[in-house]
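Welcome! Open your viewer, keep the selection tool handy, and follow along stop by stop.

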Amino acid sequence: MTKTVLVATGCLLLLSGCETTNSIPYKASTTNVISIQQNLKSTGKTVNVGSIALAPGVDESLMCRMNGTVKVAPGKSLSQYIKEAFQEELFLAQVYEANAPATINGRLDAVSFSSVSPASWNITMQVSSNHSAGYAVSIKYPFATSWTAYSACKNVADAFGPAVQELLKQVVTNPQFPQLAGS
């Protein structure tokens with residue numbers, strides 16, 4: 001009887017391990033690309049993206065319901081994901097240039113989520129450049145949740161891309177955005 005209990009307990013521990021939840025790949029927002037074109041393309045200015053860093057105390061290892069950490073993309077940190085998303089938006093708007101005179105940097109001042117109703121991603125980012133002190137943007141991006149940990153955490157991961165689209169929308173539609181490029 002004791003061996004059976006030990007084997008059953010061991011199997012239960014193995015089966016109840018943490019799961020890592022990955023998001024879906026980033027897809028550039030047509031609205032953001034058009035806004036970037038309207039703000040920069042006519043000026044002839046190009047930009048590149050420098051660093052997207054974490055403010056002190058901001059954690060990239062976000063645990064979801066004891067289910068494991070939410071990975072935004074295999075092998076990428078939150079800041080790498082946001083940097084590559086911003087580069088993609090600028091590239092598609094035809095204003096990204098690796099050696100551009102203007103370099104936009106970002107600092108993630110807050111990154112969190114709630115996987116219970118009302119579920120949302122909450123992100124605050126400060127943007128600046130070598131031409132402007134910049135400004136802060138903040139979003140609260142709502143999404144659907146679930147009762148089960150696996151489904152709720154999958155929803156958290158799946159909502160990260162659209163939350164980043166909304167964050168970048170706040171960056172590129174801000175009236176100060178052209179100043180980041182030196183306009």
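Start by selecting Gln94, in the loop between helix 3 (78-92) and strand 4; helices (H or I, at least four residues) and strands (E, at least two) are DSSP runs, numbered from the N terminus. Its phi is near 65 degrees, a positive value in a residue other than glycine. Gln94 is exposed, at 56% relative accessible area (exposed means over 50%, buried under 20%, partly exposed in between, with a 1.4 Å probe and protein chains only).

A word on the model: it is predicted, local features need pLDDT of at least 70, side-chain atom pairs count only at pLDDT 80 or more, and totals for chains, interfaces and linings use all residues. Residues are numbered from 1 along each chain as its sequence is written, and side-chain values use heavy atoms, leaving out hydrogens and water.

Next, show helix 2 (residues 30-40) with helix 3: their axes come within 8 Å and cross at roughly 60 degrees (axes are lines fitted to C-alpha atoms over the stretch in contact, with angles from 0 to 180 degrees between N-to-C directions). On helix 2, pick Asn32, Val33, Ile36 and Gln37, which meet Glu89, Leu90 and Leu92 of helix 3 (contact means heavy atoms within 4.5 Å).

Now move to Asn174, in the loop between helix 4 (149-172) and helix 5 (177-180). Asn174 counts as buried, with 16% relative accessibility. A polar atom of its side chain lies 2.8 Å from the backbone nitrogen of Gln176.

Last stop: select Ser117 and Pro118, joined by a cis peptide bond with omega about 0 degrees. Pro118 is in the loop between strand 4 (102-114) and strand 5 (120-129).

Note on methods. A polar contact is a pair of N or O atoms within 3.5 Å; within protein, one must be able to donate a hydrogen and the other to accept it, and residues adjacent in sequence count only if both atoms are side-chain atoms.
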